[in-house]
Amino acid sequence: MIKQVIIGVVCGAAVLTVGILIGHFGIAKSGTSAPSWLKDVAKDVDESLIEKFMSEVDNIQIQENLRSLTKVPHMATTAGDEETVQIMLKRWQDPETGLDKAWREEYWVYLSFPDKNNPNTVTVVSPTNTVLHTIREKEKPYTPDQSDPEVVQPYAAYSPAGHVKGKLVYANQGKPSDYSELNKTVDLRGTIAITKYGGAGRSAKAINAAPYGVVGVLVYTDPLDMNDGLMSDANETYPHSWYMPPSGVERGSYNIDFGDLLTPHLAAKEETYRINATDITGIPPIPTQPIGFEDAYRLICELGGEPAPDAWQGGFNCTYNFGGPGFKPTSSFTNSDVKLDIYNYEEVKPSSNVMGFIRGSVEPDRYVIYGNHRDSWVHGAIDPSSGTSVMLEITRVLGKMVKQGTWRPRRSIIFGSWGAEEFGLIGSAEYTEQYFAALSERSVAYINVDIAVFGKKLHTAPVKAPGHEKSVYDNWLQYTNKTSPTHGLIPRMGYLTGAGSDYAPFSHYLGITSMDMSYTYDKTKTNARIYPAYHTAYDTFDYASKYIDPGFVGHQAVARTAGNVLIRLADSLILPLNCADYAESLEEYLSTALNLYEQKLKTMNISMEPLKHAVTSFRAAVSNLEKVIQSPDLANETPLKVRWINDQLMLLDRAFLDPLAFPDKYGFRHVIWASSSAGKQTFPGLADAYANAESSGQASDWDKVHYHLSVLSQAILGAASTLTDDMQTQTWRK
């Protein structure tokens, strides 16, 4: 037996040797001419092709895309949603301008809806249950769009059904500190709290309230936070301007975790194991309902009790009181309760992603992914159809090039039109869970364009900014900039630290380098926290074309910019991912952490020296890799050398993943970009742990600070080691 094995090994070695000799002498005999594939392998991005792409992106095409996408409301899994599925498939399967492949990917997901036959109601009732006031159930119509029978009643998705009644109190933004402050003055047991959007997540407003005995929560948008104080639909708000009308209500999903709630870490296929609905966390434990500010105005201005702090006051021309609890003795509502009758129900339904694919010519196993969700709360002209209309125009131009045979990307491109995003990034999260292994191993980057245009001002060169001769880069530099130690004055980029859109499962869960871009408004000229029609029945084609982007030149600039980035990621010989900028971000985070925490941690016998060392080591590793990348001989290197460099760049973000770092944050594994509640521009886990320890003073909480320091230090050192070829980083020694 051993003899047979030895003979087999020897024979294998002999065959391998013969193959090498044949290959060597065969190549030598054929001369010195390069093989035919070498030109394609060594080819870099074609600047003229990018210019051609940008010249063919058409603002009128984008406008018509948006018109088609917004004809009917298209909330996830509705008939309108299916219409948009068919639009995407038809475009991406077009024989002249379509992609190589397009298909639908279906998941069975847990969603929450209001009951059409039993609308949710909020009323003010007297002690004898006489209804004194009824909150408006649907928004006031100004155009036929608001009268469409498929416009869903404003509701809080995943709020439980229930019937509760109690005295009203005003709880500001529903933060833990707000309820704590309110509870000093008012007995909250059995009350209904009214809260403003902002400050705390939607579901957190009810989660924070329940421990105090609050039995129901109302949520409204204060005109000071969204409308710069303007309130009248006679001449100030939509349809006269972009501001939210008094009856406008921001719908939303009231859950903390992203992805299908019944299938955590599993793709929600029909046969997938599901947890019990009673085991879901992160959703409101008590009935919750959003209302318009016209009704909130009536309720808040009638409240009794002590005046709320100045920081709690809003845009109404009255003093915001805590509540007695309940209304003033002089109010027509005196001694009355607020009653919530919520009839929401949950259902597992099929929801579809629409996927498109362009196969790469040289590295088909490397994926550049471009995504945008398709579903909306109502017509969704801005959120998300502005992004979908841009994506359709990008794919039209690129698809035409592919069909005509004038271009094929070096790497494969995947397009994702995600379903059920509004219910918690469900389509994209399920996709990342289903294809976890392939995406983790092969994805170069993810580009997200959800809301393409918020208003007037953009986030990259050399595209011209709308209404300007200067480039988008220069326009960006003018409005939002910072000083870099390396580059000087540069445009400021935000960090994807939350889960606001479909980049979250790619960035936080898979560690794929991601970007989210949009054209936004000048935030020095308005207090609006987002465009005012957000998640309302007024987010329509009429609204978008009149007040957000007349002429659709902003959409065109986003399409050109996003397409520019997409082509460079797909075609560049060396991936355009800058590790030096990553090092600079870590150094900024470190500097902030040292200023905030080092002195106190020394008194707790916790050293930050390992973290300093890790960041220094990362910078050194980056500098060495940068020298290799900037080598003038790189174009003459073997394809394997180029692939080696690109793999290091591609996988860098994966090195910062730690599945145990944030046990209380579902889907967050990236130790640099995870969400944080501490409000500090530094490492999120460290910031949260420090804030918690400082608040509690418990030794066990200071141990958690030490733990997160170790997590960070080792993750950064580990990332540094991925940028070298010997997997060795110097260990910190005291």
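Me: Which residues form one aromatic cluster here?
Reply: In this predicted model, the cluster brings together Y142, Y238, F454, Y531, Y534, Y538, Y543 and Y547.

Me: Nice. How many aromatic pairs turn up in the whole structure?
Reply: The search finds 45 of them. Take W377 and F423: their ring centres are 5.0 Å apart.

Me: And why is that pair called tilted?
Reply: The planes of W377 and F423 meet at 50 degrees, so the pair counts as tilted; stacked would need under 30 degrees and edge-to-face over 60.

Me: Where do W377 and F423 sit in the chain?
Reply: W377 is in the loop between β13 (363-373) and α10 (385-404), while F423 is in the loop between β14 (411-418) and α11 (426-434). They are 46 residues apart, so to speak a link between distant parts of the chain.

Me: Are those two buried or exposed?
Reply: Both W377 and F423 are buried.

Me: Switching to charges: what sits over the ring of W103?
Reply: That's the charged end of K101, 5.3 Å from the ring centre. Y509 has R669 over its face, at 5.0 Å from the centre of the ring.

Me: OK, helices now. At what angle do α4 and α5 pack?
Reply: About 145 degrees, with the axes of α4 (residues 59-69) and α5 (residues 79-92) 10 Å apart.

Me: Which residues meet there?
Reply: From α4 you have N65, S68 and L69, and from α5 T84, I87 and R91. By class, the contact has 2 nonpolar, 3 polar and 1 charged residues.

Me: Last one: which residues does the "domain: PA" annotation cover?
Reply: The unreviewed UniProt entry puts it at residues 164-252. That span is 22% helix and 19% strand, and its end C-alpha atoms lie 21 Å apart.

Note on methods
Residues are numbered from 1 along each chain as its sequence is written. This is a predicted model: local features need pLDDT of at least 70, side-chain atom pairs count only at pLDDT 80 or more; totals for chains, interfaces and linings use all residues. Side-chain values use heavy atoms; hydrogens and water are left out. Rings of Phe, Tyr and Trp (its six-membered ring) pair if their centres lie within 6.5 Å; planes under 30 degrees apart count as stacked, over 60 as edge-to-face and the rest as tilted. Helices (H or I, at least four residues) and strands (E, at least two) are DSSP runs, numbered from the N terminus. Buried means under 20% relative accessible area, exposed over 50%, partly exposed in between (1.4 Å probe, protein chains only). A charge sits over a ring if NZ of Lys or CZ of Arg is within 6 Å of the ring centre and within 35 degrees of the ring normal. UniProt positions are given in the numbering used here, feature names are shortened, and annotations may be inferred rather than shown by experiment. Axes are lines fitted to C-alpha atoms, for helices over the stretch in contact, and angles run from 0 to 180 degrees between N-to-C directions. Contact means heavy atoms within 4.5 Å. Ala, Val, Leu, Ile, Met, Phe, Trp, Tyr, Cys and Pro count as nonpolar, Asp, Glu, Lys and Arg as charged, and the others, Gly among them, as polar.
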